[in-house]
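Subject: Handing over the structure

Hi,

As promised, I am passing the structure on to you. Please have a look at it first, and then read on for what turned up.

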Amino acid sequence: AAAEPLQTFLDTYHLTEADADDDNDGISNVLEFILGGDPTVSNSSILPVAGYDSTTSLFSYTFFIVDDLGSVTWTCQYSTDLTTWTDAVSGTGNVTITEGTTADGYIPITITIPATGERMFLRLATGGL
């Protein structure tokens with residue numbers, strides 16, 4: 001059987017823990033894998049970029065993911081208070097999640113979420129580990 005892509009990634013960089021942050025950049029090894037980063041070099045440029053359109057009152061969250069995640073899953077979650085988190089599900093609550101065309105092993109993702117408060121927080125949660 002083929003090796004799980006996350007395990008291959010960890011083995012390539014001689015890492016043991018998916019949830020660890022070996023380069024101390026605030027991005028876990030599994031998120032480095034999902035976003036196509038190097039878990040041995042601190043680099044925030046792989047992180048999602050957030051935006052806000054005051055005309056439509058929509059927040060956007062754009063990023064790239066690797067096209068072969070194996071069993072690893074990701075979910076965008078949003079909150080107005082950093083306590084209660086809601087999964088962003090395309091078609092629910094006017095949320096849209098759009099996957100662009102895969103190029104060079106990466107899939108561009110754009111998520112739009114209606115503003116539900118003065119402050120919005122977005123995060124990527126992982127699963128399937």
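Let me begin with S79, which is buried, as its relative accessible area is 3%, under the 20% cut-off. Please keep in mind that this is a predicted model. S79 belongs to strand β3, residues 73–79. Its side chain makes a polar contact of 3.0 Å with the side chain of D81. Beyond the neighbours within four places in sequence, S79 is in contact with T84, W85, R119, M120 and F121.

Strand β1 (residues 49–53) and strand β2 (residues 58–66) run antiparallel and are joined by 5 bridges. In this pairing, A50 faces Y61 of β2. The two strands form a hairpin with 4 residues between them, and S57 in the turn has a positive phi of about 55°.

β2 also pairs with strand β6 (residues 106–114): 9 bridges join them, and they run antiparallel. Here F59 stands opposite I113 in β6.

Is I109, another residue to look up, buried or exposed? I109 is buried, with a relative accessible area of 1%. This residue lies in strand β6. Not counting residues up to four places away in sequence, I109 touches Y61, T62, F63, I65, W74, I97, T98 and E99. As for V95, it is 14 residues from I109 in sequence, and their C-alpha atoms are 13 Å apart in space.

Enjoy exploring, and write back with any questions.

Best wishes

Notes:
Residues numbered from 1 in each chain as written. Predicted model: local features only at pLDDT ≥ 70, side-chain atom pairs only at ≥ 80, totals over all residues. Heavy atoms only, no water. Pairing = 2+ DSSP bridges. Buried < 20%, exposed > 50% of the residue type's maximum accessible area, 1.4 Å probe, protein only. Polar contact = N/O pair within 3.5 Å; in protein donor to acceptor, adjacent residues only side chain to side chain. Contact = heavy atoms within 4.5 Å.
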